[in-house]
Amino acid sequence: MRIFMLGVQNQPAFGNVPELPTLLLSGIVWVPTIVAIGLLLFPTRTEVHRERIRSIAIGACSLVTALAVLMWYGFKDQGGTFAYDENRSWLPSLGASYHLGVDGISMPMVLLSSILFLMAVLASSRIRERVKEYFFLILLLETGVNGTFSSLDFLLFFLFWQMQLIPLTFLMGIWGGARKLLAAWKYLFFGLAGSSLLLIAILILYYTAPAHTFDMLSLRDAKLPVGITSLLFWLFFSGFAIQLPAFPLHSWFVDAQAEAPAPAAAVLAGAVVKLGAYGLIRVNLGQFPDLTNKYGNFILGAALVTIIYSLVAALREDDLRRIIAYATQSHMGLVLLAVSAAAPIAINGGVLMMVADGLTAATLLLLAAALYERTGTRSIRELGGLAARMPRAAVVWTMAALAAMGAPGLAGFVAQLLIFLGSYPVHRRGTLIAVAATVLMAGLMLWTLQRIFFGPIREGYGRVRDLGSLEMTYAVGLVALVVLLGVFPAALVDNINLGVLSLLSRGG
Amino acid sequence: MPLAVLLAAARGAPKGPLDSWSPTMLEGFALFLPLIALIVILGFTIESRRLSAWVSILFTFGSLVLSLIVLAIEIAHPLRLERNETFLQFFTGQSGVAAEFRLEWGVVADPLAAVWLCTVVGISLLIQIYSLSYLRREEGLVRFFCAVAFSTFAAMGLTVSTNYFEFLLFWGLLGISSYLLIAHLWRDPLAAAAARKTLLVTGIGDAALIAGIIYIFFRFHDFRFSTLATSYTGGKVGANGLLIMALLIFAAAAARAAQFPLHVWLPDAVEAPAPAAALICSVTMAVSGVYLVARAFPLFAASPRALMVMAVVGGFTAVVAALSALAEGSLKRLLAYATISELGLVMLALGAGAYTAGAFHLFTHAFTTALLFLGAGSILLMLRTDRLEEMGGLWRRMGLTGWTMLIGALASAGIVPLSGFWSKEAILSRMLQQNNSLAVAVVVAVTFLSALYLSRMMFLVFGGETARRRRFDPDKIREPGGRMGLSMFLLAVLSAGAGIYGIPGLKNGFLAFMTYPKQPVERALSTTPVLIVIGAGVAGLLLGWILFRRRLATRLPIISPVARIFANGFYLDRGYTLAVERGLLPLSAAVGWVDRRLIDGFFDSLGASVASATRPRPFLANLRFGQLALAIFAGLLLLGLIAVAVSTPGVPKVAGLP
């Protein structure tokens with residue numbers, strides 16, 4: 001039966017892959033921007049023109065996804081160093097360099113965001129106005145997100161962080177729903193608040209460190225005064241917690257989710273908020289492990305409040321998109337729980353949870369958009385019995401809902417279990433509360449599913465179409481990944497584990 | 001062929017091929033056949049109803065053959081070793097507290113797994129053959145077979161799990177598949193609500209199971225059943241720790257096995273089509289809870305107080321559920337209460353330490369329950385009603401159903417020599433050995449009550465005349481026959497005969513085969529328990545004959561209040577609902593208000609004051625693209641300029657940097 005022993009060894013099961021060029025990450029980061037600038041040259045007068053622009057955008061995102069898959073395929077244990085390390089001189093007088101690299105923590109995130117952007121661009125076929133601007137901004141956003149995940153220099157990190165903020169604001173403000181301007185302003189306001197906290201933290205770090213450098217890896221070993229590190233910890237923490245979004249700094253998120261155009265909302269929930277959790281793991285946990293332990297109880301409190309508060313608020317919510325937003329927020333609370341425990345198993349689960357939630361939230365949001373397109377409503381009270389007319393949508397939604405509630409065989413299950421197993425030895429009562437909250441999540445997801453799809457069909461929906469082939473392509477694609485990660489998590493977890501171990505062993 | 005091997009093994013014949021075949025490998029293949037069937041149906045035959053159904057049936061049959069061979073190997077093997085094999089390792093890592101942390105997937109071949117695997121697959125096969133006719137005219141036949149194949153896969157995986165992680169995985173899959181089965185008639189709001197209720201009530205148990213597993217892992221750093229079994233008694237964890245673990249695991253088991261106070265889901269869940277209800281009550285969802293207790297039995301054995309709790313809960317549930325069955329007015333719900341009562345009896349037996357007898361009763365109960373539900377299904381198909389008052393006079397019209405259900409009822413009531421008798425006798429004799437008079441009383445009462453409510457069911461359904469209803473012609477009632485009749489006939493044979501496997505003193509019989517601890521207990525048939533069981537059963541039948549023969553009483557007014565209280569879960573059911581409706585949902589609305597008005601409102605007003613201070617035009621909406629690009633570009637440029645400005649002299653440079 002040895003043939004069944006897959007993935008037991010720590011090395012990827014594919015043998016030796018030839019060394020990949022170090023430009024790979026730069027490609028993943030900059031291809032969208034280059035294509036976006038290229039898009040400006042194309043006309044948008046006729047439908048054919050717009051179709052061409054969309055094809056080009058899809059091509060660019062496919063290329064990025066292909067590069068990201070290549071990155072995953074060639075990823076090897078680097079013994080604590082970063083894979084695809086690319087270090088170029090950028091502002092030498094400042095101590096800032098163009099330094100990109102991925103480890104087991106950022107690699108899955110880059111892969112996730114590349115896939116989500118591809119799905120989002122595929123799902124953007126309903127955008128009819130200002131097509132060129134739309135795709136320009138989405139591609140710019142992709143550069144920002146992937147750049148933030150893969151940069152190893154604080155200045156570069158900050159630059160990319162800003163780069164995801166602006167395009168998303170415009171996407172929301174121009175192509176959004178009824179209350180788009182409010183949502184866009186709020187997003188910008190919170191985003192700027194968060195990023196200015198980060199900027200202050202980065203500058204303080206820069207000026208207090210003995211070596212004036214922005215390099216994350218050299219700063220990690222720097223000795224800093226105790227008072228300053230606490231300040232830095234909290235500055236970084238609050239900056240990232242806004243993005244996470246953690247209670248009580250979350251109020252931008254649900255509005256943004258409800259009002260953004262569906263593909264942008266999918267990317268926002270799937271990849272952009274993950275930046276906050278990624279920052280917490282990379283910077284707060286990697287840079288200040290002792291302080292994370294010291295303030296663990298506070299973080300735990302924030303995590304539990306976020307988990308339960310979001311679920312409770314979601315139960316009575318009527319807007320489908322807002323319910324999905326609350327579910328994502330609750331999952332990010334689980335990631336925060338993993339951070340508060342700072343235990344290897346929990347962090348493994350946290351990273352996996354980000355990937356799982358990214359995939360399921362994107363699926364649910366895109367399906368919610370498909371329902372909205374057909375029924376003209378996002379209110380759950382007005383939906384019902386749609387399984388009769390939309391069996392495919394019902395099946396895909398069921399899978400995604402089950403994944404969101406952590407049902408086994410799907411990605412959320414392993415992630416949740418790892419988080420709970422890892423955080424229990426550190427925070428016993430807190431973990432048990434989070435375990436109990438899974439019942440609430442199950443209730444929310446099942447109730448929502450039942451109210452949308454089951455029961456007698458509502459009047460007026462007798463002629464609703466089922467999902468088309470394009471919609472099925474991205475919905476089934478996302479769900480297939482959810483199932484794959486559920487039955488064979490080792491595809492990512494082995495790599496994540498190496499990154500987590502080196503992150504946690506290096507500090508303290 | 002497998003039957004021949006089985007017989008040879010039972011005789012203790014020379015073990016030719018059996019030693020060279022790996023039972024774990026066979027189990028692995030058996031396990032994956034239903035999954036492959038599911039994939040084949042979804043991928044290739046989804047358009048054809050008949051083909052899909054037959055794919056599922058054939059693959060399940062193959063699975064049954066392999067499972068029987070595994071059982072034969074287990075029986076033939078003189079030592080009955082437990083064989084664990086790990087097939088797939090999900091994850092290996094540092095746990096921070098233990099040296100190594102592994103999530104793995106494998107199969108175990110031991111007597112419990114082998115016997116239960118055969119039962120699950122066999123009953124699933126018969127139910128599928130039955131469903132082919134039963135759902136012939138219904139929509140969603142393919143969906144139903146997919147759900148049944150999925151459910152079978154999950155129940156088999158649960159059976160052969162080697163560790164808690166794997167168990168949890170299949171446990172959840174089983175929950176999902178049962179959800180799909182119960183929600184099969186999803187247009188019916190009752191079915192949809194029953195499915196949700198099932199998943200939520202058992203979800204409480206799932207959370208307890210996760211908590212229990214986390215706690216076990218936290219104390220023992222291990223997931224595997226086989227290694228954990230020896231470490232419970234090692235003194236590493238004190239009695240209180242073991243009690244907490246055992247109670248958490250028991251909470252999960254009780255939720256699944258529909259034990260008080262988490263029993264409220266099962267009577268609703270039989271809203272599912274009759275074959276699905278049969279599957280859920282006999283081998284999959286409800287029974288998985290008891291199987292969990294049997295699998296984790298070393299843990300319970302190490303904690304006498306947990307066993308005590310289990311026995312009390314089981315005994316209480318068994319008696320009160322039997323009373324409820326006596327007063328129930330709907331056929332399928334009556335059978336659901338009967339299931340709860342029998343599972344309570346198994347819990348009582350396991351709680352009193354009678355591992356073998358409990359497992360044996362679980363085994364015989366599977367056949368009788370499946371049979372009774374299938375019989376109820378064929379009655380429902382003809383009468384189109386589930387109310388006992390509207391039935392009657394079917395004995396002449398539905399001969400085969402009548403006879404098979406009679407066998408099922410008698411077997412379940414514990415009438416000699418049918419299967420229920422032997423398992424109830426086994427339980428009772430252990431109770432007598434222990435001089436546990438309360439437990440003896442409970443077993444006797446449950447035996448008596450089961451004979452009473454089953455005779456009530458039989459007289460109400462088959463005796464007297466068929467009630468006339470609007471748009472219903474009793475003369476059109478006929479025996480469904482065909483495949484449905486075949487399944488019911490085979491199940492009747494199994495219900496009648498399965499007990500023989502557990503007759504005391506039988507060489508390689510159930511009692512000598514499936515034991516805990518691993519030494520077989522020799523036991524001869526003694527007269528006292530035999531007489532008591534026969535007496536209780538016959539007394540119940542007699543009383544039933546007196547009370548219900550002339551349909552004098554359809555419901556017992558004395559029992560109704562008790563039954564009503566229990567049906568409402570001692571109003572816990574209503575309590576849960578009230579807690580959700582009056583507590584959680586208003587709380588949710590309040591939190592939603594706080595979220596929108598207070599938290600969001602605070603930031604909104606903050607934003608509004610900033611906005612009014614800077615007086616922005618609504619320029620976002622009117623912005624043309626060129627301006628937009630310019631804005632982004634300007635922002636980036638500004639950042640670059642800041643970077644350059646900061647980097648010019650004045651900022652201290654550090655030697656050693658490039």
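1. Salt bridges. Over all chains, the structure holds 21 salt bridges, a salt bridge being a side-chain nitrogen of Lys or Arg within 4 Å of a carboxyl oxygen of Asp or Glu. This is a predicted model, in which local features need pLDDT of at least 70 and side-chain atom pairs count only at pLDDT 80 or more, while totals for chains, interfaces and linings use all residues. Residues are numbered from 1 along each chain as its sequence is written, chains are lettered from A and ligands numbered from 1 in the order in which they are written, and side-chain values use heavy atoms, with hydrogens and water left out.

2. The pair R282(A) and D103(A). These two residues form a salt bridge whose closest N and O atoms are 2.7 Å apart. R282(A) lies in helix α11 (residues 274-287) of chain A and D103(A) in the loop between β2 (96-102) and α3 of chain A, so the bridge ties together parts that are 179 residues apart in sequence. Helices (H or I, at least four residues) and strands (E, at least two) are DSSP runs, numbered from the N terminus. Both R282(A) and D103(A) are buried; buried means under 20% relative accessible area, exposed over 50%, and partly exposed in between (1.4 Å probe, protein chains only).

3. The pair R179(A) and E259(A). Here the closest N and O atoms of the salt bridge are 3.8 Å apart. The pair links distant parts of the chain, 80 residues apart: R179(A) belongs to the loop between α5 (154-175) and α6 (180-208) of chain A, and E259(A) to helix α9 of chain A. R179(A) is partly exposed, at a relative accessible area of 38%, whereas E259(A) is buried, at 6%. Both residues take part in a network of salt bridges that also links K186(A), D255(A), E317(A) and R322(A).

4. The pair D268(B) and K197(B). In chain B, D268(B) forms a salt bridge with K197(B), with the closest N and O atoms 2.7 Å apart. Helix α10 of chain B carries D268(B) and helix α7 of chain B carries K197(B), 71 residues apart, and the pair thus links distant parts of the chain. K197(B) is buried, with a relative accessible area of 19%.

5. Nonpolar core. Which residues have the most contacts inside the largest nonpolar core? They are M71(A), W397(A), F453(A) and Y164(B), in a core of 440 residues. Such a core is a set of buried Ala, Val, Leu, Ile, Met, Phe, Trp, Tyr and Cys residues joined through side-chain atoms within 4.5 Å.

6. L209(B). This residue is in helix α7 (residues 189-220) of chain B and is buried, with a relative accessible area of 0%. Apart from neighbours within four places in sequence, its contacts include L168(B), W171(B), L248(B) and L292(B).

7. Backbone geometry. L244(A) and P245(A) are joined by a cis peptide bond, with omega about 0°; P245(A) is in the loop between α8 (226-243) and α9 (251-259) of chain A. R130(A), which is not a glycine, has a positive phi of about 50° and is found in the loop between α3 (106-122) and α4 (131-150) of chain A. A258(B), also a residue other than glycine, has a positive phi near 55°. The loop between α9 (239-256) and α10 (265-269) of chain B holds A258(B), which is buried at a relative accessible area of 0%.

8. Overall form of chain A. Chain A comes to 20 helices and two strands. The C-alpha trace of chain A spans about 70 × 55 × 55 Å along its principal axes. Of the 508 residues in chain A, 69% are buried.

How values were computed
Contact means heavy atoms within 4.5 Å.
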